[in-house]
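I opened a notebook page for this structure and wrote down what I looked up. The entries follow in the order I made them.

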Amino acid sequence: MRILITGNMGYVGSVVAGHLRARYPDASLIGFDSGYFEDCLTGTDVSPEVLLDRQIFGDVRETPADLFNGVDAVIHLAAISNDPMGTRFEAVTDEINYRATTALAEAAWSAGVRNFVFASSCSVYGAADGLARRETDNVGPLTAYGRSKIAVERYFEERNFGTMTVTCLRFATACGMSPRLRLDLVLNDFVACALASRKITVLSDGMPWRPLIDVGDMARAIEWAAVRTPGNGGPVLSVNAGCDEQNFRVKELAQAVAEEIPGTDVDINMQSPPDRRSYRVDFSLFRELAPEFVPVVTLRQSIASLREGLAGMGFADAQFRNSQHMRLNALEAHIAADKLTPDLRWRVSYH
């Protein structure tokens, strides 16, 4: 089996590469990445790319014509990957997350790719009060990032790819340790705060709902989708990827971290404007279609992996929100150094 992973040098992709190598030791694994976060290694001196058969550097807006030759499955992770980056680079988010994705899917189909896995997001639900959201419910993305994800899903729904099976995994909010750790994710941020300063500052009133999924469980869901057949969910499937037990209010996450890291205070900003990004999610369809791949990592296990990983790095940076562990900061640093253009293209080739 030959698998192409786009965005393999990111937070999720670095874990996916290791997981797939362990699951498919004889598979040919190819990475395709821009290299924005190549140097953001955490807790390791060895790049996860050593587990790949080949690493290709490039921009998904300009993929090589032969990239998909002989590829059985495409795992498409490359994206402007959160709300702050989407707000700062809104036009680029549309270019990369939507336009480049649809072009990439067309190229994959033309090359005879059998499975296309798209990393979507539960953020497509936006502000969703009341019952947990199912795939058949209305969506209401509030950000450029969320809008780009649902635009791709709708494109897949309208496009008939024939023999190419498409799976859009609407992931819960990612968390957990990775060889390229991000701290601009809610649980990861809270654990970093607790370790660095023994104080968690919740910037909202703590009431918004967030579903969580550990990055290790994301890799397992991707494994399932990479070999899914049309008889299990249809030729084009959008499915919430996570588990019902992992729906939490933000303040519950902060309190859980404080319990696991004794001596941590929790400061909730009760005077803040309401955070409209709040949604509970129903994951029963995923449980029905992929019972052997439902998440198994608990909230406390995710906290423990982060605590141990950060402690192993000697992490003690109380100002980490100004560091490259926040992906927007990493991009801004490249631009300030005149390495990236404002539309996130490399000015010179580094590879």
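In which segment is Leu344 found? I found Leu344 in the segment after α10; helices (H or I, at least four residues) and strands (E, at least two) are DSSP runs, numbered from the N terminus.

I noted that this is a predicted model, in which local features need pLDDT of at least 70, side-chain atom pairs count only at pLDDT 80 or more, and totals for chains, interfaces and linings use all residues. Residues are numbered from 1 along each chain as its sequence is written, and side-chain values use heavy atoms, with hydrogens and water left out.

**Backbone angles.** I looked up phi next. Most residues other than glycine have a negative phi. Leu344 is not a glycine, yet its phi is positive, at about 65 degrees. Leu344 is buried, with a relative accessible area of 0% (buried means under 20%, exposed over 50%, partly exposed in between, with a 1.4 Å probe and protein chains only). Arg198, also not a glycine, has a positive phi of about 55 degrees. I located Arg198 in the loop between α5 (186-197) and β9 (199-202). Arg198 is partly exposed, at a relative accessible area of 37%.

**The sheet.** I traced seven strands in an open sheet, in the order β3-β2-β1-β4-β5-β7-β11, with parallel pairing (two strands pair if DSSP finds at least two bridges between them). Its edge strands, β3 (54-57) and β11 (236-241), each pair on one side only. Neighbouring strands are turned by 20 degrees against each other on average, direction ignored; axes are lines fitted to C-alpha atoms, for helices over the stretch in contact, and angles run from 0 to 180 degrees between N-to-C directions.

Phe118 stands opposite Cys168 in β7.

Helix α1 (residues 11-23) packs on the sheet and touches β1 (2-6), β2 (28-33) and β4 (73-76); contact means heavy atoms within 4.5 Å. The direction of α1 makes about 170 degrees with that of β1.

**Two loops.** Is His325 buried or exposed? I found His325 buried, with a relative accessible area of 14%. His325 lies in the loop between α9 (299-312) and α10 (327-336). Leaving aside its neighbours within four places in sequence, His325 is in contact with Thr42, Leu181, Arg182, Leu183, Asp184 and Met313.

My last entry is Leu51, placed in the loop between β2 and β3. Leu51 is partly exposed, with a relative accessible area of 35%.
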